[in-house]
Amino acid sequence: MKALLKKGKGSDGISLERIEEPIVKANQIKVEIYAAGICGTDIHIIHDKYPSILPVVMGHEYSGIIVEVGEEVENFQVGDRVVSLTATITCGKCSYCNQGLSMLCDQRKSIGSGVHGAFAEYMVVPAKLVYKIPENITLDEAILTEPLACAVRCIMERGCVNAGDFVLISGPGTIGMLALQVAKANGGNVVVVGTSEDSDRLGLALELGAMAVVNIEEENAEKRLMAITQNKGFDVAIECAGVSLSVNNCISLLRKQGMLIQMGLFGDEIKFDSDLAIMKEINLTNGFATEPTSLERALRLLEFRHVDVSPLISNKVPIEDWKKAIHLAEQKVGYKTLIFPNVQNMFFYS
Ligand SMILES: [Zn+2]
Ligand SMILES: [Zn+2]
């Protein structure tokens with residue numbers, strides 16, 4: 001089968017290869033990948049800024065159709081449309097595993113970094129990590145379940161938005177647009193900030209329910225933002241850009257004892273004004289990918305239309321054009337870029 005493999009350092013270490021189709025074990029299912037999204041984490045993996053065990057097929061945001069079930073698997077059958085959690089290998093007995101916190105297990109290996117992922121025609125996954133896609137959700141939309149679950153994890157499980165809170169979203173990319181909708185679904189008054197390059201994105205933020213959008217580079221941006229909060233400062237700031245300037249903006253715009261939720265990965269060490277955060281008693285939190293609780297909630301947010309991910313699907317590229325796909329993602333052209341390992345799926349479903 002065709003698979004996009006990372007075999008060595010940097011972008012030169014990536015190549016499209018033919019590898020053996022995976023063989024399904026008793027407790028696994030085998031999925032034909034419909035398509036898989038390129039995530040900021042994939043870009044970090046390409047540039048060796050996020051740990052991976054080589055060689056590995058990248059890709060962890062996907063939807064697919066079951067083509068085979070292992071003999072011990074119940075509740076799933078061939079033809080089911082599915083998504084899954086990403087922490088494929090865990091020890092199953094440490095204190096984190098016992099609490100259902102699979103991402104925190106020391107033995108964890110995840111799809112697309114530690115074990116073969118979804119930029120391939122087929123993938124096998126333990127059935128216990130798999131979820132059926134609700135009928136009213138398209139396979140395209142379902143690909144965004146995983147990043148949406150990351151937003152749920154950060155904002156609802158690790159952080160907290162209460163109804164009426166003023167919520168600042170810094171960085172109007174895919175994650176920012178998901179964070180906006182999750183914060184809004186929790187009753188937040190959401191304001192999205194971006195730069196001059198983000199004018200289209202800020203327009204979409206308004207369509208998706210932001211109460212206001214502000215170009216942070218414009219004169220008096222800080223004054224205008226503070227005025228929106230009746231000069232009290234934001235209750236919650238969600239950093240989605242992964243840029244140190246953006247972290248500092250969040251800290252200065254938060255009210256005292258406000259909450260900073262770090263969603264963006266920086267890919268490097270960063271500088272931020274920790275002393276100011278201390279003097280304001282800022283609560284700093286974050287989240288590491290998804291757990292079962294957040295994935296289940298993400299599916300429900302999609303099913304009952306609290307979140308609309310369809311405007312975030314921008315580019316559909318066959319796996320043969322993987323270089324173009326990575327370029328689109330790196331240049332941040334639109335929002336999500338999807339890679340189609342099975343090219344016929346680009347036309348058969350939607
Ligand atoms: Zn991701
Ligand atoms: Zn464990």
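**The nonpolar core**

Author: In the largest nonpolar core, which has 98 residues, the members that touch the most others are Ile155, Ile238 and Met263. A nonpolar core here is a set of buried Ala, Val, Leu, Ile, Met, Phe, Trp, Tyr and Cys residues joined through side-chain atoms within 4.5 Å. Buried denotes under 20% relative accessible area, exposed over 50%, and partly exposed in between, with a 1.4 Å probe and protein chains only. Helix α4 (residues 145-158) supplies the largest share of this core, seven residues. At least three residues of the core come from each of domain 1 (2-144 + 309-348) and domain 2 (150-286), the bounds being those of an automatic or database domain assignment.

The model is predicted: local features need pLDDT of at least 70, side-chain atom pairs count only at pLDDT 80 or more, and totals for chains, interfaces and linings use all residues. Residues are numbered from 1 along each chain as its sequence is written, chains are lettered from A and ligands numbered from 1 in the order in which they are written, and side-chain values use heavy atoms, leaving out hydrogens and water.

Apart from neighbours within four places in sequence, Ile238 is in contact (heavy atoms within 4.5 Å) with Ile155, Val167, Leu168, Ile169, Ser170, Ala179, Ala183, Ile261 and Met263. There is also a second, separate core of 19 residues, and among them are Val191, Met226, Val247 and Leu253. In soluble globular proteins, nonpolar side chains tend to be buried together.

Helix α6 shows how burial can be arranged along one element. Helices (H or I, at least four residues) and strands (E, at least two) are DSSP runs, numbered from the N terminus. In α6 (residues 199-207), the buried residues are Arg201, Leu202, Leu204 and Ala205. Viewed down the axis of α6, these buried residues fall within an arc of 155°, so they line one face of the helix; the arc is that of the directions from the helix axis to the C-beta atoms. Asp200 and Glu207 are exposed residues on the face of α6 turned away from its buried side. The buried residues of α6 pack against α5 (174-185), β12 (189-194) and β13 (212-215). After α6 comes Gly209, with a positive phi near 115°.
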